[in-house]
Amino acid sequence: MPKPEKHILVLRLSAMGDVAMVVPVLRALTNQYPELKVTVLTRTFFKPFFRGLKNIEVFPADTKGEHKGVYGLYKLSRHLNKKRFYVAADLHNVLRTKLLKKFLRCKRFISIDKGRKEKKLLTSGELFKQLKTTHQRYADVFEALGYKLDLSKPNFPKKVVLNSKLQSLIGNNKKPCIGIAPFAAHEGKMYSLTLMKQVIEELSKNYQIILFGGGKYESDILKGFEDSFDNTISLAGKISLDEEMDVISNLEVMVSMDSGNGHIAAMLGVKVITVWGVTHPFAGFAPFNQPEDYALVADRNKFPLIPTSVYGNKYPESYREAAASISPGTIVSKIKSVI
């Protein structure tokens, strides 16, 4: 058993979904080892993810400004070294964190094994099986540091009581709330917006639909959906990440692509139905603590090369609409079955 009162540095700078996946692992760590103190090095924007976690503080990294480049990382390390970390858990394992390692003073520095070799076999078609989840890969880093974790019995924060601003945005509709986040970083990971409109049309007859997105392009599309159907509200561009998390905590279910919104919902203990295009849950990026059948995958009889890449950024042109092989009816039926 590790000695008490140890201070651990955890590094995970980006991307949104990957940072959100750290949260249930850290919740398990601080619950199972309450004597630990943890500092998370990440982007300022992601600080709300870690709210409510015991013995955890966030140290913001400005990698595009003050902490940019080798000198910026050295400057960052000088601030971090003042905190006297016992060990460091690198959950990112990129050039930036490898450089930072050279400047940090701590007893041990363990980096995540991302399983690149197995993932390459998966995307090349030489292998098709469930790989270790990202959550377990994170947990393996802490085990290597002496803190074995059990992720099988998670607990989650309570639903947040919505403030007056959020209540006025959503309205007093008493119907069960379904969140829908139809966008993803790459087009090959997205469900056809035309088909998603059919999903929203059908669900809006009996449920309150809350749409999530960001940026003008996404906001304009979601505003169009909001104007087209009853019981449909778009929150795109209207609220902060903190407020978005408050709303998500009150959902009955979140519907998302292989994207960050699904991971945010999962870390809050919300049911998540994911829709997969050219990526696949076997790569290990399914949201935390969700049954396998909550992941709706494209038809591999029609698109046998899936997964074409781990992140969805590489795919044949003919696979762009692979997710459309999942019918709107299949998505609606799955949502109704879990509410």
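In α1, M16, G17, A20, M21, V23, P24 and R27 meet G260, H263, I264 and M267 of α10. By class, this contact of α1 with α10 has seven nonpolar, three polar and one charged residues. The model is predicted.

**Helix pair α1 and α10**
- Helix α1 spans residues 16–32, and helix α10 spans residues 260–267.
- Two packed helices are described by the angle between their axes and the distance between the axes.
- Here α1 and α10 pack at an angle of about 15°. Their axes are 8 Å apart.
- Angles under 35 degrees count as roughly parallel, so α1 and α10 are roughly parallel to each other.
- The crossing in which α1 passes α10 is left-handed.

**The five-stranded sheet**
- Five strands form an open sheet in the order β3-β2-β1-β4-β5. Their pairing is parallel.
- The edges are β3 (56–60) and β5, each of which pairs on one side only.
- On average, neighbouring strands of this sheet are turned by 20° against each other, direction ignored.
- Within the sheet, β1 pairs with β2 (residues 37–42) in the parallel sense, over five bridges.
- L9 stands opposite T39 in β2.
- Helix α2 (residues 69–81) packs on the sheet and touches β1, β2 and β3. The direction of α2 makes about 155° with that of β3.

**Helix α5**
- Helix α5 covers residues 134–144.
- The buried residues of α5 are T134, H135, R137, Y138, A139, V141 and F142.
- Just after α5, G146 takes a positive phi of about 105°.

**Loop residue I306**
- I306 lies in the loop between β11 (295–297) and α11 (328–338).
- The relative accessible area of I306 is 2%. Buried means under 20%, so I306 is buried.
- Neighbours within four places in sequence aside, I306 is in contact with F128, G277, V278, T279, H280, A298, R300, Y319 and A322.
- I306 and F183 are 123 residues apart along the chain. Their C-alpha atoms are separated by 19 Å.

Conventions:
Residues are numbered from 1 along each chain as its sequence is written. This is a predicted model: local features need pLDDT of at least 70, side-chain atom pairs count only at pLDDT 80 or more; totals for chains, interfaces and linings use all residues. Side-chain values use heavy atoms; hydrogens and water are left out. Axes are lines fitted to C-alpha atoms, for helices over the stretch in contact, and angles run from 0 to 180 degrees between N-to-C directions. Helices (H or I, at least four residues) and strands (E, at least two) are DSSP runs, numbered from the N terminus. Angles under 35 degrees count as roughly parallel, over 145 as roughly antiparallel, 65 to 115 as roughly perpendicular and the rest as oblique. A crossing is left-handed if the near helix is turned anticlockwise from the far one by less than a right angle, and right-handed if clockwise. Contact means heavy atoms within 4.5 Å. Ala, Val, Leu, Ile, Met, Phe, Trp, Tyr, Cys and Pro count as nonpolar, Asp, Glu, Lys and Arg as charged, and the others, Gly among them, as polar. Buried means under 20% relative accessible area, exposed over 50%, partly exposed in between (1.4 Å probe, protein chains only). Two strands pair if DSSP finds at least two bridges between them.
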